[in-house]
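I opened my notebook to get to know a new structure. Here is what I looked up, entry by entry.

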Amino acid sequence: MKFSPCRRAESTDFESVRILCTNDDGYLSPGIRVLARAARGIGTVNIVAPDREQSASSSALTLHRPLRRRKTPDGAIIVDGTPTDCVILAVNEFLDERPDLCVSGINHGPNLGEDVLYSGTVAAAMEATILGIPSVAFSYVGQGIEEVEGWLPVVTRLLEQIVGNGIPKHELLNVNLPSLPPSELRGVRVTNLGRRRYRDAITRAPDPSGREYYWIGGGDPHWNGGPEADFRAVRDGYVSVTPLHLDLTSYSRLDDVRGWNLEAT
């Protein structure tokens with residue numbers, strides 16, 4: 001979908017834009033409130049979000065139990081499911097009109113490199129993209145989620161420009177805000193995904209009864225990638241904007257694999 005050109009001084013240009021706002025940190029997260037406020041500057045916003053934190057849920061669907069919803073006094077719809085559940089239910093059941101745009105976040109913590117494969121924030125945006133809805137995932141690299149409030153003007157301006165330029169079909173944008181005061185922001189860089197490896201990411205220890213358990217998570221990431229990698233942009237004080245697409249086919253390898261002459265019998 002191609003949106004109308006953005007003219008910042010005329011906010012009425014966006015009155016007809018219908019925006020679905022979701023996240024993976026749960027509806028009580030400060031990040032989704034800031035993102036919804038930014039989105040209201042360019043259109044009509046409906047919040048459909050999980051009832052609790054769903055970090056690292058990726059594109060999980062809830063298939064083995066029924067889902068329930070409830071409404072908050074301010075009109076947000078809360079679902080006892082995953083971010084992907086929220087998007088599917090919002091588009092197919094809850095909303096009277098199909099959204100023109102889906103915004104997901106603002107996530108507490110980075111979604112850089114391979115993180116996009118695990119992130120519930122990015123997965124929600126991906127699900128909207130699968131459904132044919134242009135989408136943007138926002139994440140804040142810093143530790144203090146309360147700091148995201150100061151990023152409201154930046155996020156609003158970014159959304160204005162994104163809506164003005166449009167997002168190609170079957171693609172989404174992954175946006176990471178750097179860990180610094182917005183007044184120190186150096187600009188915006190369009191980036192590619194970096195590569196990261198976690199060291200000491202698994203903790204093994206005995207529980208109080210002496211049984212061994214494993215806890216995945218934590219550890220310090222070690223990054224590598226070229227000069228345009230996303231992790232370099234946020235490290236250098238820039239907003240990172242990475243276009244993503246859903247087609248994982250390795251087209252450069254198709255002819256090579258065809259040359260294997262694979263047989264089933």
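Before starting, I wrote down one definition: a residue is buried under 20% relative accessible area, exposed over 50%, and partly exposed in between. I also noted that this is a predicted model.

Phe231 has 8% relative accessibility, so Phe231 counts as buried.

**Entry 2, aromatic pairs.** How many aromatic pairs are there? I found two. In one, Tyr140 and Trp151 are tilted, with 6.3 Å centre to centre and 50° between the planes. This pair links distant parts of the chain: Tyr140 sits in strand β6, while Trp151 is 11 residues away in the loop between β6 and α5. Both of these residues are buried. Then I turned to Trp223 and Phe231 again: their ring centres are 5.3 Å apart and their planes are at 20°, so I logged the pair as stacked.

Next I traced an open sheet of nine strands with mixed pairing, in the order β3-β4-β2-β1-β5-β6-β7-β13-β8. Which strands are at the edges? They are β3 (69-71) and β8 (187-190), each pairing on one side only. On average, neighbouring strands are turned by 20° against each other, direction ignored. I then looked at β6 (residues 135-140) and β7 (residues 171-177), which run parallel and are joined by six bridges. Tyr140 turned up again here, with Leu177 in β7 as its bridge partner.

I found helix α2 (residues 83-94) lying across β1, β2, β3 and β4, at about 135° to β2. Helix α4 (residues 120-130) lies across β1, β5, β6, β7 and β13, and runs at about 175° to β6.

I read up on a general point: in soluble globular proteins, nonpolar side chains tend to be buried together. Here the largest nonpolar core has 39 residues, and those with the most contacts inside it are Ile106, Phe138, Val155, Leu159 and Leu177. Which element gives the largest share? I found that α5 does, with seven residues.

Last, I checked Arg189 and found it over the face of Tyr238, at 3.9 Å from the ring centre.

Key
Residues numbered from 1 in each chain as written. Predicted model: local features only at pLDDT ≥ 70, side-chain atom pairs only at ≥ 80, totals over all residues. Heavy atoms only, no water. Pairing = 2+ DSSP bridges. Helix = DSSP H or I, 4+ residues; strand = E, 2+ residues; numbered from the N terminus. Axes fitted to C-alpha atoms, helices over the stretch in contact; angles between N-to-C directions. Contact = heavy atoms within 4.5 Å. Phe/Tyr/Trp six-rings, centres within 6.5 Å; stacked < 30°, edge-to-face > 60°. Buried < 20%, exposed > 50% of the residue type's maximum accessible area, 1.4 Å probe, protein only. Lys NZ or Arg CZ within 6 Å of the ring centre and 35° of its normal. Core = buried A, V, L, I, M, F, W, Y, C linked by side-chain atoms within 4.5 Å.
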